[in-house]
Amino acid sequence: MNEFIYISNGLRTEMADLLRPLSGQIQEIQNFREKKRGSSLFNHLSAVSESIPALGWVAVCQKPGPYVKEMNDAAIFYTNRVLKDYKDTDPRHAEWVRSYLNIWTELQTYIKEHHTTGLIWSRTGPVAPPSLFSAPSDGTCAPPPPPPPPCPPPVFMDNSPKSEDTSAQHSALFAQLNQGEAITKGLKHVSDKQKTHKNPNLRSGGRTHQASPAKSQNPGSSACASAKKHSPVLELEGKKWRVEHQQRSQDLVIEETELRQVVYVFSCSNSTLQIKGKVNSIIVDNCKKLGLVFDSVVGIVEIINSRDIQLQVMGKVPTISINKTEGCHVYLSKDSLDCEIVSAKSSEMNVLVPEGEDDYREFPIPEQFKTVWDGSSLVTEPAKIAG
């Protein structure tokens, strides 16, 4: 993919035509898996079927890397079963799992290096030949084209009905999220050009009123600006629940869940979300003042680039990852006390362990560490700060 095909005005139509063969092959793989439900290798087929839509990353316009990772996570649910079934009988299956998952790991690395924010079309590259957009010469019907690329993903996915039922259960636990912690956080940054002590001419009129960019533009431009605002999303796309751009929503609930589904929560603030049932994994990305309550997760719960997050485990979860996050409170259940919590580049993290019927005991996660040389290697341990 070192050379890009330049597609001009008919981008979406031509993109769909270019991806039609790939879409057809993906559909065939998924259909083949459904026909082989009685096969002894059904878990192998399921791992491929659930992750193969990752090949559609070229149509993802914002974050293709995380999209591929989500498809990889869906495969891991089934490859774990393969490892369990053949652990003591045939090591070839473990090698197959390692090799297959490595495909998506290397693809994520490639995307991170070259296409972090999506595929960029070259304006000087070769033009896609018209033959790619023509119908098959043998008279057969080509597979239907994939839908226009969304922002963000995914493509090659079917739409399923979403749950709109609401519930106030567990909302009381996160009521403090809406009380605000520091008023100064709401203040806007003042640039050097707006500071009167650095610009004496701003003091000449006694009062300084700087025209708002939105008011200085014509009505058409303001309409365009408002059109860029994202609409809130809570829907199921294929095997992925998308919860995005929710603001001040206190009763978000996902009820109809399955083991192979993943939940992706993106850019939500001052909201609470409850996930019922058992899902494969949960990712919370770029959220602020979010309360998350979930029953059980078979894989991992990831908190990334967020602030003021409170999550409560009602059932079990094997791993919780906290990365680049300021303020995260984790309420564990009695069944999830063996959970492994991994943190990096984060602060103000606390784990609350159940004590008695309704009480919790709070433990902070260390943020500072001390490293010493013991004569043969480096030894690192949490730093104890006297206070």
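## A kink in α3

Helix α3 bends by about 30°, with the kink centred on phenylalanine 77 (the bend at a residue being the angle between axes fitted to the seven residues ending there and the seven starting there). The helix covers residues 64-85, 22 residues in total, and spans 32 Å from first to last C-alpha, close to the 32 Å expected at 1.5 Å a residue (1.5 Å times one less than the number of residues). Helices (H or I, at least four residues) and strands (E, at least two) are DSSP runs, numbered from the N terminus.

This is a predicted model, so to speak of local features takes pLDDT of at least 70 and side-chain atom pairs count only at 80 or more, while totals for chains, interfaces and linings use all residues. Residues are numbered from 1 along each chain as its sequence is written, and side-chain values use heavy atoms, with hydrogens and water left out.

## The largest pocket

The largest pocket holds about 610 Å³. On a 1 Å grid over the protein atoms alone, a pocket is an open set of points where a 1.4 Å probe fits, with protein on both sides within 12 Å along at least five of seven lines; lining residues have an atom within 4 Å of a point. Its lining has 18 residues, with Gly65, Pro66, Lys69, Lys112 and Ile304 closest to the centre.

Elements giving two or more lining residues are α3, α4 (91-114), β7 (281-285), β9 (300-304) and β11 (319-323), and α4 has the largest share, at four. Domain 1 (13-131) and domain 2 (233-382) each supply at least three.

Arginine 260 sits in the loop between β4 (252-254) and β5 (262-266), glutamate 50 in α2 (residues 42-51), 210 residues apart.

## Positive phi

Serine 267 has phi near 55° and lies in the loop between β5 and β6 (269-279). Asparagine 270, in strand β6, has phi near 50°.

Conventions. Points joined across faces, edges and corners; volume = space filled by probe spheres on them. Domains from an automatic or database assignment.
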